[in-house]
Amino acid sequence: MRVVVAGATGLIGGALLPLLKARGHHVVALVRDEAKAVDADEVVVADALDPVAVRIALRAARPDVVVHQLTALRQMSADALEATARLRTEGTANLIVSAREAGAGKLVVQGISFATAPLGAPVLDEDAPLYLDAPDPTWARTVQAVAEMERLVLGTPDIAGTILRYGTLFGAQTQYDPDGPFGARVGRGKMPIPESATGVTSFVHVQDAALAALAAVDSEVTGVFNIADDEPAEGSTWLPEYARMLGAPPPRVLPGDIAEKVLGWFTHHQLTAMRGARTDRARAELGWKPTVSWRRGLASG
Ligand SMILES: NC(=O)c1ccc[n+]([C@@H]2O[C@H](COP(=O)([O-])OP(=O)(O)OC[C@H]3O[C@@H](n4cnc5c(N)ncnc54)[C@H](OP(=O)(O)O)[C@@H]3O)[C@@H](O)[C@H]2O)c1
């Protein structure tokens, strides 16, 4: 099949290109900077937020399948989250219109598994409600954009849509790379932990994320799938263990009343309230399963 990968210069997109080629697909990379090298059969150029450029690029690419791995999350900040929200709404809408016009029959899109509301069981499946009314405006906007993206992808006639809701990414060059922003902070002993760190994180290695996208491209099955490792873990488990793996001292314990102020809303939410992700559906229907857990890979990049 002719497969267009939008976000081909990214961590997941870049890992996906050789997997698709090895499966015999004709891979077209959609990039916004032609100077960046990619391992693809063809390259088309467009900024995903420019509908005319996307239309011209996809018309030239003639895809059977379009894979959307666009984010602006290399640097985690409110601006990066806002840019990512635009990629998930406007960028997705641009891809859908142009993919339909170019004759594509399928769309595989990157979502997140940790947008669920912190309600109910510690580990949730794909039917759990999203945290659309999160008290933090930046996170509420992020979750609303994820919901809009899913609605667009699953509601488009003539195109089969698959959403891969990835857990928290780890691996080389992610934020959890020992040299990445979060990893370096833990390694320096500068990431304290709230006294009640019962929030659950489901991690996923970049390579497993790419393998899930490969499975989704090749599968007849569509819908929403959580993609994460086998070991959802409370903050009280994974953060001290991550510090130990990095040779850092155990995280300093923060009293509950100051923890959010010190950590910021999102990290506090992750460590105290977030829910993990069940992956039974991806295993049963996509035939995908994780190959590495955070316990083996978190400290090795
Ligand atoms: N995915 C998540 O949910 C999530 C959550 C938290 C943190 N992170 C962090 O994000 C990184 C994960 O990798 P990823 O593969 O999701 O993201 P990534 O490596 O940042 O790749 C994003 C891709 O989107 C492209 N892109 C961004 N804006 C674009 C635009 N306007 N038009 C066309 N292309 C555009 C980028 O192109 P350029 O190369 O031109 O920029 C790049 O190819 C890690 O550092 C991870 O720790 C991800």
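Helices (H or I, at least four residues) and strands (E, at least two) are DSSP runs, numbered from the N terminus. With that in hand, let's start the tour at a loop. This is a predicted model, where local features need pLDDT of at least 70 and side-chain atom pairs count only at pLDDT 80 or more, while totals for chains, interfaces and linings use all residues. Residues are numbered from 1 along each chain as its sequence is written, and side-chain values use heavy atoms, with hydrogens and water left out.

**Stop 1**

Select arginine 62, in the loop between α2 (51-61) and β4. Arginine 62 isn't a glycine, yet it has a positive phi of about 45 degrees.

Now jump to glutamine 173, in the loop between β8 (168-170) and α5 (181-187). Here too the residue is not a glycine, and its phi is positive at about 75 degrees. Is glutamine 173 buried or exposed? Buried means under 20% relative accessible area, exposed over 50%, and partly exposed in between (1.4 Å probe, protein chains only). Glutamine 173 has a relative accessible area of 57%, so it counts as exposed.

**Stop 2: the ligand**

A residue is near a molecule or strand if one of its heavy atoms lies within 4 Å of it. There are 24 residues around the ligand, and those that come nearest are Thr9, Leu11, Arg32, Lys36 and Gln110. Sort the shell by type and you get 10 nonpolar, nine polar and five charged residues. For that sorting, Ala, Val, Leu, Ile, Met, Phe, Trp, Tyr, Cys and Pro count as nonpolar, Asp, Glu, Lys and Arg as charged, and the others, Gly among them, as polar.

Zoom in on the oxygen atoms of the ligand. For isoleucine 12, a backbone N or O atom lies 3.0 Å from an oxygen atom of the ligand. With arginine 74, a polar side-chain atom lies 2.9 Å from a ligand oxygen atom. On its own, the ligand has 900 Å² of accessible area, and the protein covers 91% of that. Such areas come from the Shrake-Rupley method with a 1.4 Å probe; for residues, only the protein chains shown count as cover. Which elements give two or more residues to the shell around the ligand? They are α1 (11-22), α3 and β5.

Colour α1 while you're here. Its buried residues are Ile12, Gly13, Ala15, Leu16, Leu17, Leu19 and Leu20. After α1 comes glycine 24, with a positive phi near 95 degrees.

**Stop 3**

Select residues 137-154, which make up helix α4. These 18 residues reach 26 Å from the first C-alpha to the last, close to the 26 Å expected. The expected span is 1.5 Å times one less than the number of residues in the helix. Buried residues in α4 include Trp139, Met149 and Glu150. What covers the buried residues of α4 includes α3 (78-101), β5 (106-112) and β7 (160-166).

Follow β7 to arginine 165. Arginine 165 counts as buried because its relative accessible area is 5%. The side chains of arginine 165 and glutamate 150 are joined by a polar contact of 2.8 Å. A polar contact is a pair of N or O atoms within 3.5 Å; within protein, one must be able to donate a hydrogen and the other to accept it, and residues adjacent in sequence count only if both atoms are side-chain atoms.

**Stop 4: around tryptophan 238**

Finally, select tryptophan 238 in helix α7. Its relative accessible area is 0%, so tryptophan 238 is buried. Leaving out residues up to four places away in sequence, tryptophan 238 touches several residues, including Tyr176, Thr201, Gln270 and Trp294. Contact means heavy atoms within 4.5 Å.

The side chains of tryptophan 238 and threonine 201 make a polar contact of 3.4 Å. Glutamine 270, in helix α9, has side-chain polar contacts of 3.1 Å with tyrosine 176 and 3.1 Å with threonine 201. Glutamine 270 is buried because its relative accessible area is 2%.
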